[in-house]
Amino acid sequence: MHEDSAGRPALRALARAKGLRIGVAVSAGPLQDDPVYRAIIGREFNVLTCENAMKFGPLRPSRDAFAFEEADAIVAFAEKHGMAVRGHTLVWHKQLPAWLAKEWRNGDAAVDVVRGHIHTVVDHYQGKVFAWDVVNEALDATGKWRNTPFLRAFGPDYVKMAFHWAHEADPAAKLFYNDFGADGLNRKSDAMYRLLEDLVRQGAPVHGVGLQMHVTQREPPDPPSVAANIGRFADLGLEVHITEMDVRLEAPVSKAELEDQARVYRHVLAVCLEAEHCDVFVVWGVTDRYSWLPQVFPGAAAPLLFDDEGKPKSAYYGVCAALR
Ligand code: G3I
């Protein structure tokens with residue numbers, strides 16, 4: 001049994017008892033250099049997502065090269081610790097390599113590049129990655145098609161094409177559509193539902209949706225609304241993963257806000273546990289020190305389960321409470 005220093009069962013043990021896999025987004029640098037970071041992951045989690053290492057840009061320094069080293073190191077750590085790996089992400093408009101820009105002009109070349117990328121990457125991780133975020137964030141805040149290079153080059157069918165290419169490379173992998181701001185019932189999740197309904201109707205090899213769950217303590221998700229949203233995707237025969245949860249606070253952080261944050265984690269995880277087909281729950285970072293949020297939202301603070309020094313926060317005990 002994985003236990004923490006006080007002999008308490010670790011999150012992964014509590015989660016397994018509930019048929020849930022609980023995971024974390026990981027970067028290769030701190031995994032290699034920070035023993036506190038590494039110890040928390042090895043003790044508490046049984047699913048890993050590469051925070052950046054499996055994205056198009058980090059994998060592809062040039063048209064003819066694949067840089068798998070960082071992602072391979074994370075996958076090797078996962079395998080050593082009996083953890084599953086979520087692949088993130090094959091098609092996304094961010095972190096694209098500069099060389100890709102000139103490929104878009106020629107439609108056939110662009111298809112070859114994107115199909116080749118998906119086939120090579122999914123093939124490389126066949127049997128090591130159990131679920132892929134095949135397409136990430138294809139919809140904008142209003143639920144319309146986000147104007148990305150993929151949309152401009154291939155039209156809306158790029159989503160279906162990407163799922164078919166991933167399925168060709170690894171028929172056993174579970175293939176997900178992943179997005180943010182669509183956690184409860186709203187205009188964007190309605191559009192996401194219509195997109196997935198369309199893909200399922202067309203027989204595309206899509207198996208689930210990822211709700212990223214990047215939320216704030218000030219405007220937390222509404223649990224019944226999240227439950228209804230998860231339920232309608234389950235009615236399409238799809239699994240739902242909570243793929244990137246963090247709960248943003250604003251510095252300076254009060255004890256009351258940390259308690260609020262713990263409640264947000266607990267309520268979302270409780271919805272996931274009560275749902276029929278929501279059995280993966282991933283938080284987007286190991287300790288507050290490594291969160292992406294302060295770089296993007298100045299003043300953002302303390303979004304994760306462990307503080308800067310790697311000590312469990314109220315949020316950690318909120319997750320434990322949901323699991324018990
Ligand atoms: O690796 C380079 C480094 O060589 C360079 O010196 C440095 C300074 O420019 O940049 C480094 O790359 C950064 C990368 O993180 C690795 O640290 C990128 O600039 C930076 O933009 C990138 O941010 C990531 C962001 O996605 C990219 O948009 C965050 O770490 C990551 O947490 C965030 O995660 C996304 C999910 O993939 C999708 N859902 C939303 C979520 C938050 O944006």
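Student: What should I know before reading the values?
Tutor: The model is predicted, so local features need pLDDT of at least 70 and side-chain atom pairs count only at pLDDT 80 or more, while totals for chains, interfaces and linings use all residues. Residues are numbered from 1 along each chain as its sequence is written, and side-chain values use heavy atoms, with hydrogens and water left out.

Student: How many residues surround the ligand, and which are the closest?
Tutor: A residue is near a molecule if one of its heavy atoms lies within 4 Å of it. Here 14 residues surround the ligand. The closest are Glu51, Lys55, His88, Glu137 and Glu244.

Student: How does the shell around the ligand divide?
Tutor: Ala, Val, Leu, Ile, Met, Phe, Trp, Tyr, Cys and Pro count as nonpolar; Asp, Glu, Lys and Arg count as charged; the others, Gly among them, count as polar. The shell holds 3 nonpolar, 6 polar and 5 charged residues.

Student: Which polar side-chain atoms lie by an oxygen atom of the ligand?
Tutor: A polar contact is a pair of N or O atoms within 3.5 Å. A polar side-chain atom of Glu51 lies 2.6 Å from a ligand oxygen. For Trp284, the distance from a polar side-chain atom to an oxygen atom of the ligand is 2.9 Å. The protein covers 49% of the 790 Å² of accessible area that the ligand has on its own (Shrake-Rupley method, 1.4 Å probe).

Student: At what angle do helices α6 and α8 pack?
Tutor: Helices are DSSP runs (H or I, at least four residues), numbered from the N terminus. Axes are lines fitted to C-alpha atoms over the stretch in contact, and angles run from 0 to 180 degrees between N-to-C directions. α6 (residues 107–124) meets α8 (residues 158–169) at about 40 degrees, with axes 8 Å apart. That makes α6 oblique to α8 (under 35 degrees is roughly parallel, over 145 roughly antiparallel, 65 to 115 roughly perpendicular, the rest oblique).

Student: And how do α11 and α13 pack?
Tutor: α11 (residues 255–274) and α13 (residues 314–323) pack at about 30 degrees, axes 8 Å apart. They are therefore roughly parallel to each other.

Student: Where should I look along the backbone?
Tutor: Most residues other than glycine have a negative phi, and most peptide bonds are trans. A cis peptide bond joins His88 and Thr89, with omega about -5 degrees. The bond from Ala251 to Pro252 is also cis, omega near -5 degrees. Gln95 has a positive phi, near 55 degrees.

Notes: Polar contact = N/O pair within 3.5 Å; in protein donor to acceptor, adjacent residues only side chain to side chain. Helix = DSSP H or I, 4+ residues; strand = E, 2+ residues; numbered from the N terminus.
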